[in-house]
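Please look over the sequence and the model below before reading on.

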Amino acid sequence: MSNQQGGPALPQERRLVTEIPGPKSRELLARKQAAVPPGIGTTLPVFVTQAGGGVVVDIDGNSLIDFGSGIAVTSVGNAAPRVVERVSKQVADFTHTCFMVTPYESYVEVCEKLNELTPGDHEKRSFLVNSGAEAVENAVKVARLATGRQAVVVFDHGYHGRTLLTMTLTAKNLPYKQGFGPFAPEVYRVPLAYPFRWPTGPENCAEEAAAQAIDAITKQIGATNVAAVVIEPIAGEGGFIEPAKGFLPRIAEFCKDNGIVFIADEVQTGFARTGQLFACEDEGVVPDIIATAKGIAGGLPLAAVTGRADLLDKVHPGGLGGTYGGNPLACEAALGVLETIEADDLVGKARRIGEIMLPRLKALQERFDIIGDVRGRGAMIAIELVKPGTKEPNPEAVAEIVRRCHAEGLLVLTAGTYGNVLRFLPPLVIPEHLLEEGLGILEKALSA
């Protein structure tokens, strides 16, 4: 095993010196199984010692191509230099005071940046929390208080977290909800515009799905009872479903007309991932509140709620917060991430990843009839696998392809309500030769 530190200076190569996982990783896996409950799953049990650029290096010395980015977290790369520099300085100065006790400038600076960068030119406020679920939950709290209403509307295939409220907001039962009820009240689910699976075809999807959703809200809940509509601009865990064009603007317009707070859950889509800084910019949608996390701080725990000042200013002092929210190390990391996105044009690099991946994957779709759909934007791409000649989900094929990719040193992730989607979230700094090599491994797995 090399003493090389992580970060972009790591050799950007796939290198297999043992089977995957190797003997040292298997030893650690046995320790994990004895110490950690099985509810904490593991996609690929290689124990990482360094990572950076487009690779992760495990304790056995294997270097794997990273198509996961820690689930869209290390978009700027692991141990990104600007992040490391800022965090290293901060950890030597102080690690914590609690912003609600004695504040510090970096928290304010992160909030100023979020107010500036998120969609819309209206006056905004931001506050910082620890996780995406916490951000979504706080966004709903703000909406309920500001509107005086209780109902919250979410969508089929949505994923919003694992807390009681966000687990309730989430659509998929297994593994997220099974056995954990009863769930939070006043949460209602309506159809999502899922082009590949829309019964009358993708050309009718946006109009019909929006009409069905609005009809359900109006007739079954009552628009005047709805505090918030919460939606991912691209459904993440649900399978990287990009709603049909026109759907999001129509839902946002309905919210505006009825005094409903439109909350965009950009936890997975935010911070350059989709080839725009935020995914809702694609159709010019301006959320009332936007929840962000994952890619915000290069791997340190941080999330944010940013929204209209007139909404957030209604919350009484002490109504928002948390001991660790906006920890100074995470704030410095976030400032390093934002500097890196701008300085290295990671929005452009995300678009370039999409330009490489989408044509290759669509060519594979022509060859392999188990690929039912290829979709996504920027560096948030997926293929949905089906039984040949049908749209019946094929999770067995996904499991086998993942097994083969992992054995060959390509880290890939799954998703989808039906467990039949392969999702690709490479770091935005991945070298193009690793991107091409990873796609070659995927092609080999499909051929097998």
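The points below go from the whole chain to single residues.

This is a predicted model, in which local features need pLDDT of at least 70 and side-chain atom pairs count only at pLDDT 80 or more, while totals for chains, interfaces and linings use all residues. Residues are numbered from 1 along each chain as its sequence is written, and side-chain values use heavy atoms, with hydrogens and water left out.

**Overall shape**
- The chain has 13 helices and 15 strands; these are DSSP runs numbered from the N terminus, with helices (H or I) of at least four residues and strands (E) of at least two.
- The chain is as compact as a globular protein of its length, because its radius of gyration is 22 Å and the globule rule gives 22 Å for 448 residues.
- That radius is taken over C-alpha atoms, and the globule rule is 2.2 Å times the number of residues to the power 0.38.
- The C-alpha trace spans about 60 × 60 × 45 Å along its principal axes.
- Among contacts with a separation of 6 or more, 73% are between residues 24 or more positions apart; a contact means heavy atoms within 4.5 Å.

**Surface and charge**
- The chain has an accessible surface of about 18,500 Å², and carbon and sulfur atoms hold 53% of it; such areas come from the Shrake-Rupley method with a 1.4 Å probe, and for residues only the protein chains shown count as cover.
- There are 42 positive and 53 negative side chains, and the centres of the two sets are 4 Å apart.
- Lys and Arg count as positive and Asp and Glu as negative, with His and the chain ends not counted; the charge is placed at NZ of Lys, CZ of Arg, CG of Asp or CD of Glu.

- In soluble globular proteins, nonpolar side chains tend to be buried together.
- The largest nonpolar core holds 131 residues, and Phe247, Ile251, Leu361 and Phe424 touch the most other members; such a core is a set of buried Ala, Val, Leu, Ile, Met, Phe, Trp, Tyr and Cys residues joined through side-chain atoms within 4.5 Å.
- Setting aside residues up to four places away in sequence, Ile251 touches Phe155, Ala210, Ala213, Ile214, Val229 and Phe262.
- A second, separate core has 9 residues, including Ala72, Phe240, Met380 and Ala382.

**Backbone details**
- Ile20 and Pro21 are joined by a cis peptide bond with omega of about -5°, and Pro21 sits in the segment before helix H1 (23-35).
- Another cis bond runs from Leu174 to Pro175, with omega near 5°; Pro175 is in the loop between helix H6 (164-169) and strand E6 (187-190).
- Phe240 is not a glycine, yet its phi is positive, at about 55°.
- Phe240 lies in the loop between strand E7 (226-231) and helix H8 (247-257) and is buried at 0% relative accessibility.
- Phe271 also has a positive phi, near 65°; its place is the loop between strand E8 (261-265) and strand E9 (289-292), where Phe271 is buried with a relative accessible area of 2%.

**Leu446**
- Leu446 belongs to helix H13 (residues 432-447) and is buried, with a relative accessible area of 8%.
- Apart from neighbours within four places in sequence, Leu446 contacts Leu364, Phe368, Ile370, Ile371 and Ile401.
- Leu446 and Val402 are 44 residues apart along the chain, and their C-alpha atoms are separated by 10.0 Å.

Conventions:
Buried means under 20% relative accessible area, exposed over 50%, partly exposed in between (1.4 Å probe, protein chains only).
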